[in-house]
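Subject: Structure for your review

Dear colleague,

Please find below the structure that I am handing over to you.

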Amino acid sequence: MAHRWQNDLTPADVTPYAAYLNRRQLMAGMAGLGLATLAGTGAKAQPLNPNTYEEITTYNNFYEFGTGKGDPAKHAHRLTTDNWQIEIDGLVERPGTYGFDDIMAQMSIEERIYRFRCVEAWSMVIPWSGFELKDLLDLAGVKPEAKYVAFETLYRPEEMIGQKYPVLDWPYVEGLRLDEALHPLTLMATGIYGKPLLNQNGAPLRLVVPWKYGFKSIKSIVKITLTDTQPPTAWNEALGREYGFYSNVNPTVDHPRWSQATERRIGGGLFAKRQDTLMFNGYEKEVAPLYDGMDLRKFF
Ligand SMILES: Nc1nc2c(c(=O)[nH]1)N[C@H]1C(S)=C(S)[C@@H](COP(=O)(O)O)O[C@H]1N2
Ligand SMILES: [Mo]
């Protein structure tokens, strides 16, 4: 796939999975010498190395498995993802049920190192693998009348134990404007560090929209619907005053209960300074034109 954007995080910034295991041993050794804090300082300049595999797969938000950061890693093994199907319907030429394996056979998988910024003001850098959402939508053929894309997560309370509690109005739903969905940065992720997604990260496939707050990146998708009206989204339905439809990372528009100007990089160490949050999470050059003329305070 040709992309029209320039990543400032290069493959050289990735900690290979094997090297990361060595680094952990190294850090354990340094801790023994009382030098561990050195590894957590000096992290103010961008770009940063991706987070470790362990951080990415044990510190999660996936309320279908509980609301604690460690709950998804604890409970997501119950989810069965074999013979996964994705229904694509609405304003498309070829509506129907698409098998995950069939989709994968038709996609070219690439690695994307993206910043990931949760609305709760923590962040990571994650080496995803996957394909552009546009390529999946092309399989189904978007009709000219379509203006939005709606997404839905699996609803299976027997396996997703958090769905037994009315924390959100299940199933989790999300949405994008069509031009956001077709943007070359918008990824359907199927892996991390070149390994298939673990359940806690949204196996077998989840959305990644790197310039928006993390909750837009809906996990374990079973349904995609092209619509001509703005679809409802789970967090907007739950707390509309706090979570808007757009949810673009914006350090100048605070959450009603906390500042969005800075963020805590997971794994930065006990003494790491918070770092400045970047407009559109550092993807301003690529995505700002999508919002030309829009009041980003109103459309938060
Ligand atoms: N279905 C579903 N998708 C979800 C969530 C969720 O609770 N359920 N949490 C969101 C939030 S708030 C964040 S920050 C990211 C976390 O992704 P990660 O655990 O892979 O880092 O997933 C998003 N996608
Ligand atoms: Mo989040």
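**Arg 112 and its partners**

The side chains of Arg 112 and Glu 110 are joined by a polar contact of 3.1 Å. Please keep in mind throughout that the model is a predicted one. Arg 112 makes a further polar contact through its side chain, with the side chain of Glu 132, at 2.8 Å. As for its place in the fold, Arg 112 belongs to strand β3, which covers residues 110-117. Is Arg 112 buried or exposed? Its relative accessible area is 2%, and buried means under 20%, so Arg 112 is buried.

**The surroundings of ligand 1**

Which residues are closest to ligand 1? They are Asn 60, Tyr 63, Glu 64, Ser 217 and Lys 219, out of 17 residues that surround the ligand. This shell is made up of 8 nonpolar, 6 polar and 3 charged residues.

In the side chain of Asn 60, an N or O atom is 2.8 Å from an oxygen atom of ligand 1. Tyr 63 contributes a backbone N or O atom, which lies 2.8 Å from an oxygen atom of the ligand. For Glu 64, an N or O atom of the side chain is 2.8 Å from a nitrogen atom of ligand 1. On its own, ligand 1 has 530 Å² of accessible area, and the protein covers 98% of it. The space that the ligand takes is the second largest pocket.

Helix α5 spans residues 133-140, and its buried residues are Leu 133, Asp 135, Leu 136, Leu 137 and Ala 140. After α5 comes Gly 141, with a positive phi near 75 degrees.

Leu 182 sits in the loop between α6 and β7. With a relative accessibility of 28%, Leu 182 counts as partly exposed, because that value falls between the limits of 20% and 50%.

Thr 186 lies in the loop between α6 (178-181) and β7 (187-192). Its relative accessibility is 0%, so Thr 186 counts as buried. A polar atom of the Thr 186 side chain lies 2.8 Å from the backbone oxygen of Glu 180.

**Backbone features to examine**

Most residues other than glycine have a negative phi, and most peptide bonds are trans. The following places depart from that pattern.

- Trp 170 and Pro 171 are joined by a cis peptide bond, with omega about -5 degrees. Pro 171 is in the loop between β5 (148-153) and β6 (173-177).
- Ala 203 and Pro 204 are likewise linked by a cis peptide bond, with omega near -5 degrees. Pro 204 is in the loop between β8 (195-196) and β9 (206-208).
- Tyr 193, which is not a glycine, has a positive phi near 55 degrees. Tyr 193 is in the loop between β7 and β8, and at 9% relative accessibility it counts as buried.
- Asn 281, also not a glycine, has a positive phi of about 60 degrees. Asn 281 is in the loop between β12 (275-276) and α8 (284-287), and it is buried, with a relative accessible area of 2%.

Yours sincerely

How values were computed: Residues numbered from 1 in each chain as written. Chains lettered and ligands numbered in written order. Predicted model: local features only at pLDDT ≥ 70, side-chain atom pairs only at ≥ 80, totals over all residues. Heavy atoms only, no water. Near = heavy atom within 4 Å. Polar contact = N/O pair within 3.5 Å; in protein donor to acceptor, adjacent residues only side chain to side chain. Areas by Shrake-Rupley, 256 points an atom, 1.4 Å probe, with all protein chains shown as cover. 1 Å grid on protein atoms, 1.4 Å probe; cavity = no way out; pocket = protein on both sides within 12 Å on 5 of 7 lines; lining within 4 Å. Sits in = over half its atoms within 2 Å of the grid points. Nonpolar A, V, L, I, M, F, W, Y, C, P; charged D, E, K, R; others polar. Helix = DSSP H or I, 4+ residues; strand = E, 2+ residues; numbered from the N terminus. Buried < 20%, exposed > 50% of the residue type's maximum accessible area, 1.4 Å probe, protein only.
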